[in-house]
Amino acid sequence: MDLILWRHAEAVDHPDGEDGVPGDAQDLERRLSARGEKQAARMAAWLDRQLPEGARVFASPSQRTQQTAAALGRKLRLRDELLPEAPASAVLALAGWPDGRGPVVIVGHQPTLGQVVAQLLELPEGECPMRKGAIWWLRQRERGGRLQTVIVTVQTPELV
């Protein structure tokens, strides 16, 4: 199974400054900045060339994740399991990891996506920083009778 984790692109600042509450109504309405729109378009163009047609795309209902995912131009489903501060377990259950069929794209938030990466790669810190707009492509495979999670690629808007 392939799991593609895509952090939303750069958004405008929270109206209450950096002290805003993640997931509050104002936070969920934040839109992408002009730079974020360019990041999303760049990453979407790259991802669209890599993904097969049958890939499923899920996004958080926040405006910035919807805008990021919409740049891909594919059918997407909004899911509350991907709201800010969601547990990594909810993301993995939604994706059907590790037994799902076909690639799944998850467009979401930090720290949740970084926690998913850390869990799947068994990182001792429990979190992995992810740049805004970045994509982490992970794959479940079996080697020597043992399941492994491997990194297929990590892409950032600055590198594509």
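This is a predicted model: local features need pLDDT of at least 70, side-chain atom pairs count only at pLDDT 80 or more; totals for chains, interfaces and linings use all residues.
1. G36 is a residue of helix α2; helices (H or I, at least four residues) and strands (E, at least two) are DSSP runs, numbered from the N terminus. With a relative accessibility of 0%, G36 counts as buried. Buried means under 20% relative accessible area, exposed over 50%, and partly exposed in between (1.4 Å probe, protein chains only). Leaving aside residues up to four places away in sequence, G36 touches A9 and E10, where contact means heavy atoms within 4.5 Å.

2. Residues are numbered from 1 along each chain as its sequence is written, and side-chain values use heavy atoms, with hydrogens and water left out.

3. The largest nonpolar core has 21 residues. Such a core is a set of buried Ala, Val, Leu, Ile, Met, Phe, Trp, Tyr and Cys residues joined through side-chain atoms within 4.5 Å. Those with the most contacts inside this one are L3, L5, V104, I106, V116, V117 and L120. At least two core residues come from each of β1 (2-7), α4 (88-95), β4 (104-108), α5 (112-120) and β5 (135-143). Helix α4 gives the largest share, 5 residues.

4. V116 shows some of these contacts in detail: not counting residues up to four places away in sequence, V116 touches L3, L5, A88, V91 and L92.

5. A search of the whole structure for aromatic pairs finds 1. Rings of Phe, Tyr and Trp (its six-membered ring) pair if their centres lie within 6.5 Å; planes under 30 degrees apart count as stacked, over 60 as edge-to-face and the rest as tilted. The partners are W46 and W137, edge-to-face, at 6.4 Å centre to centre with 85 degrees between the planes. W46 belongs to helix α2 (residues 34-50) and W137 to strand β5, so the pair ties together parts 91 residues apart in sequence. W46 is buried at 12% relative accessible area, and W137 is buried at 7%.

6. Side chains of opposite charge can pair when their charged atoms come close. A salt bridge is a side-chain nitrogen of Lys or Arg within 4 Å of a carboxyl oxygen of Asp or Glu, and the count by this rule is 8. In one of them, R64 meets D27 at 3.2 Å, N to O. R64 lies in helix α3 (residues 63-70) and D27 in helix α1 (residues 25-28), so this pair ties together parts 37 residues apart in sequence. Both R64 and D27 are buried.

7. R35 and E158 also form a salt bridge, at 3.6 Å, N to O. This pair links distant parts of the chain, with R35 in helix α2 and E158 in the segment after β6 (146-155), 123 residues apart. R35 is partly exposed at 46% relative accessibility, and E158 is partly exposed at 42%.

8. In the salt bridge of E81 with R79, the closest N and O atoms are 2.7 Å apart. E81 is partly exposed at 27% relative accessibility, as is R79 at 29%. Elsewhere, salt bridges that share partners join E10, R35, R131 and E158 into one network.
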